[in-house]
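Please examine the fold and the ligand site of the protein shown here.

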Amino acid sequence: MVADGYFDEQVAARYDESVPEMFDPGVVDPAVDRIAELARGGRALELGIGTGRIALPLAQRGVEVHGIELSNAMVARLRAKPGGEAIGVTMGDFATATADGTFSVAYLVFNTIMNLTTQAKQVACFRNVAAHLEPGGCFLVEVLVPELRRLPPGETLVAFHVSETRWGIDEYDVAAQGVTSHHLRLADGRLDRLTIPFRYVWPSELDLMAELAGMRPRDRWGGWNREPFTGESRKHVSVWERPDDSS
Ligand SMILES: C[S@@+](CC[C@H](N)C(=O)[O-])C[C@H]1O[C@@H](n2cnc3c(N)ncnc32)[C@H](O)[C@@H]1O
């Protein structure tokens, strides 16, 4: 793995166009609404800020946003966009890196908690977030529900995207609680391949990580529009808060 992690120059150069559905206002706007509500006029910290898909529209709403990010190549794309220069970014691993000051809300969207590939690193991330939050501050995570129910016995592969030019296949290692995402893309007659390892994580496990970090559950929705979280939900948006002992 190179210094920029899995989001190197080649990946960063086509990140936005490779996930156009994630830039749809129908996806971005409610996410920005929820995070702006939790910011309550204070500062927001995005872990894995990337090219600014959420950070830039959030900043346009008047929220002061700061990011933590591993990839210089992704931050270069953020910087190249209008308003991108004004957003502070701490370069480093969001499980351990320290940003200056405290925040009303920290958020980790688009399954990025799964980029931490051990339980210990995911727990460290919760502890790191708690150390950055003001009393009463919140941590929001958007992440998929592990798709084990779609795996017939003996199978390890689940297709998560199939189109004319893009294919995405998740390869589960159930014993290790790992999933490797294989992305294949046909462009200009060439087949590009990107393989990224993840650690899938259960909602209840995240609640325990929050508790270990001194935070308590506040909300769990099935989506950004506060849809109920049910047994059929494919993802969840969960919020924990750092108790305000003074109130
Ligand atoms: C799927 S992208 C999401 C980017 C952005 N949050 C969005 O929603 O479009 C994941 C981002 O997290 C960054 N990342 C992954 N693991 C990281 C880590 N341990 N520390 C800091 N950044 C990390 C990657 O470099 C990448 O920019």
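The model is predicted: local features require pLDDT of at least 70, side-chain atom pairs count only at pLDDT 80 or more, and totals for chains, interfaces and linings use all residues. Residues are numbered from 1 along each chain as its sequence is written, and side-chain values use heavy atoms, with hydrogens and water left out.

An open sheet is formed by 7 strands in the order E3-E2-E1-E4-E5-E11-E10, with mixed pairing. Helices (H or I, at least four residues) and strands (E, at least two) are DSSP runs numbered from the N terminus, and two strands pair if DSSP finds at least two bridges between them. The edges are held by strand E3 (88–91) and strand E10 (216–221), each of which pairs on one side only. On average, neighbouring strands of this sheet are turned by 20 degrees against each other, direction ignored; axes are lines fitted to C-alpha atoms, for helices over the stretch in contact, and angles run from 0 to 180 degrees between N-to-C directions. Within the sheet, strand E1 (residues 44–47) and strand E4 (residues 103–108) run parallel and are joined by 3 bridges. Ala-44 stands opposite Val-105 in E4.

Two helices accompany this sheet. Helix H5 (residues 72–79) packs on the sheet and touches strand E2 (65–69) and E3, its direction making about 175 degrees with that of E3; contact means heavy atoms within 4.5 Å. Helix H6 (residues 119–132) lies across E1, E4, strand E5 (133–144) and strand E11 (235–241), and runs at about 145 degrees to E5.

A further open sheet contains 4 strands in the order E6-E7-E8-E9, with antiparallel pairing. Strand E6 (157–162) and strand E9 (190–199) each have a single partner strand, so one side of each is left without a neighbour in the sheet. Strand E8 (residues 178–187) runs antiparallel to E9, and 10 bridges join them. In this pair, Ala-187 stands opposite Arg-190 in E9.

A polar side-chain atom of Arg-53 lies 2.9 Å from a ligand oxygen atom. A polar side-chain atom of Asp-93 lies 2.9 Å from a nitrogen atom of the ligand, and a polar backbone atom of Phe-94 is 2.9 Å from a nitrogen atom of the ligand.

The last stop is Arg-43, in the loop between helix H3 (25–39) and E1. Its side chain is joined to that of Glu-64 by a polar contact of 3.1 Å; such a contact is a pair of N or O atoms within 3.5 Å, where within protein one must be able to donate a hydrogen and the other to accept it, and residues adjacent in sequence count only if both atoms are side-chain atoms. The side chain of Arg-43 also reaches the backbone oxygen of Asp-100 at 3.2 Å. Not counting residues up to four places away in sequence, Arg-43 touches residues including His-66, Gly-101, Phe-103 and Val-105.
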